[in-house]
Amino acid sequence: MDPAASMSSADRIAQFDKYVIPNYTRYPISLVRGEGSHCWDAEGKRYLDLFPGWGCNIIGHCPPKVVQAIKDQAEKLIHMPNTWYMEPQGDFAEMLCTRSFGKAFFCNSGAEANEAAIKLARLHGMKEGRYRIITFEKGFHGRTLATTAATAQPKFHEGIGPLVAGFKYSPYGDLDAVAELVDHETAAIMIEPIQGEGGVRIPPDGYLAGLRRIADENGCLLIFDEVQTGMGRTGTWFGYQQWDVKPDILSLAKGIAAGVACGAMICRTELAPDLRPGMHASTFGGNPLATAAGIATMQTIEEDNLLENATAMSARYRSHFEQLQQELPVISQIRNRGMMVGVELTIPSTPAVGKCMERGVLINATQGTTIRLLPALNITAEEVDEGFAVIADVIREMAAEAE
Ligand SMILES: Cc1ncc(COP(=O)(O)O)c(C=O)c1O
């Protein structure tokens, strides 16, 4: 056995302290194995993971068909540059675009997919002098310089200025505010159909349709950042299909290859020529390994009816949390769509993460008062119930402490 596999969590932490840049706040356990909605730490403790891979492990840990596809592809071709045509990239592009629209560009992450979207919007708008992009308060679009500037959360801007120019920020949910910001220099309006990092904020009725109308009336593009909401997360292949509002550009990453690094930007066919040869590229983008994993991910979602499962399990979460809300007034709001669940508390939500982890359940907290779950699309009813019971106990305990 590889001696590294038997390293304790404490020793692993010491190794990280010595050799890894401390830009992440890490929980004090080393995770070594995963299967479905469960994972295990170096000491053998099992966890129910209701936030697998921050949404990347969209069909749970190590899904068998994806594991097999990676193994098969690794024996054929691991990497090929984009100066050649490749079988899995073509097939994955066809699968994504026939379930959405247009044409795809591949990269490796959400930030990169958004960079491509921003560049395409500017290249398209350039002919009319349009370069500005309107984004939304509490949105999140990534950590590169342009996507950080696109992210309208001041805490992410501290110390890295000057920011990339050309972004204007709108309050979320207010169409009049957007209409006021749009002008002849606006290249695009860019929004997450559901704000994830922002606390699972679901758009008010008619909001996305209103943004579509404003974009059309003003001759600018509509970009949906579906890095979190894409690939079945909301119960439809893409979040925009929940509201039947089609963007001009769609960015994807996180779960699109079930945890293998992969991102994609999809655009209307008419826009594709603006990303002309030489204007944009990504060395690893669309590599055979990642795109083979993406194909197997889509096949699994379809063959196992996981869009339907995500919708059913979402309703199950809602009914559980609504019942708990009757008992615990600290729960102020429940926001869910497919396997995106946000539970808003009147007290700080962050302590819930550690308390749940002690009891063997992994969750997330965001925006200070929101508990956020991004369970795998193939979570079972038993796993929903088991995880909910633990979260309910933890909120009960926190409510009592807050009294
Ligand atoms: C909506 C959204 N966009 C972009 C990103 C950035 O993705 P990545 O970390 O893969 O660059 C994230 C990551 O959380 C996200 O949630």
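Gln333 stands opposite Glu344, a residue of strand β12, where helices (H or I, at least four residues) and strands (E, at least two) are DSSP runs numbered from the N terminus. This is a predicted model, in which local features need pLDDT of at least 70 and side-chain atom pairs count only at pLDDT 80 or more, while totals for chains, interfaces and linings use all residues. Residues are numbered from 1 along each chain as its sequence is written.

Strands β11 and β12 pair in the antiparallel sense over six bridges, and two strands are said to pair if DSSP finds at least two bridges between them. Two residues lie between the strands of this hairpin, in which Gly338 takes a positive phi near 55 degrees. Strand β12 is also joined, by four antiparallel bridges, to strand β15 (residues 370–373), and here Val343 stands opposite Ile371 of β15. Five of the six residues of β12 are buried, so this strand is largely enclosed by the rest of the structure; a residue is buried if 20 or more other C-beta atoms lie within 10 Å of its own, exposed if 12 or fewer, and partly exposed in between, with the C-beta atoms placed from the backbone.

## Helix α10

Helix α10 covers residues 306–327, and at 1.5 Å a residue its 22 residues should span 32 Å, which agrees with the 32 Å between its end C-alpha atoms; the expected span is 1.5 Å times one less than the number of residues. The buried residues of α10 are Leu306, Asn309, Ala310, Met313, Ser314, Tyr317 and Phe321. Seen down the axis of α10, these buried residues fall within an arc of 135 degrees, so they line one face of the helix, the arc being that of the directions from the helix axis to the C-beta atoms. An α-helix has 3.6 residues a turn, so residues three or four places apart point the same way.

On the other side of α10, the exposed residues are Glu308, Ala315, Ser319, Glu322, Gln323 and Gln326. The cover over the buried residues of α10 includes α9 (288–303), β11 (331–337), β12 (340–345) and α12 (381–402), where two residues are in contact if their C-beta atoms, placed from the backbone, lie within 7 Å.

Strand β8 (residues 221–225) is mostly covered, with five of its five residues buried. Leu221, Ile223 and Asp225 point one way from β8, whereas Leu222 and Phe224 point the other way, and all are buried. Strands β7 and β8 run parallel and are joined by four bridges, and the bridge partner of Met190 in β8 is Ile223.

The 12 residues of helix α7 should span 16 Å at 1.5 Å a residue, and the end C-alpha atoms are 17 Å apart, which agrees. Within α7, the residues Leu208, Leu211, Ile214 and Ala215 are buried. They cover an arc of only 115 degrees around the axis, which puts them on the same side of α7. The face turned away from this buried side carries the exposed residues Asp216 and Glu217. Among the elements that cover the buried residues of α7 are α6 (175–181), β7, β8 and α8 (240–243). Just after α7, Gly219 takes a positive phi of about 70 degrees.

## Two loop residues

Gly196 is found in the loop between β7 (186–191) and α7 (207–218), and it counts as buried with 26 C-beta neighbours inside 10 Å. Leaving aside neighbours within four places in sequence, Gly196 is in contact with Phe140, Gln228 and Met340. Gly196 and Phe105, by C-alpha to C-alpha distance, are 23 Å apart in space and 91 residues apart in sequence.

Glu137 lies in the loop between β5 (132–136) and α5 (145–150), and with 17 C-beta neighbours inside 10 Å it counts as partly exposed. Apart from neighbours within four places in sequence, Glu137 is in contact with Ala152, Tyr169, Pro171 and Tyr172. Glu137 and Lys168 are 31 residues apart in sequence, with a C-alpha to C-alpha distance of 9.9 Å.

## Surroundings of the ligand

The ligand is surrounded by 14 residues, of which the closest are Ser109, Gly110, Ala111, Gly142 and Val227; a residue is near a molecule or strand if its C-beta atom, placed from the backbone, lies within 6 Å of it. Helix α4 (residues 110–125) provides the largest share of this shell, three residues. By class, the shell has four nonpolar, seven polar and three charged residues, with Ala, Val, Leu, Ile, Met, Phe, Trp, Tyr, Cys and Pro counted as nonpolar, Asp, Glu, Lys and Arg as charged, and the others, Gly among them, as polar.
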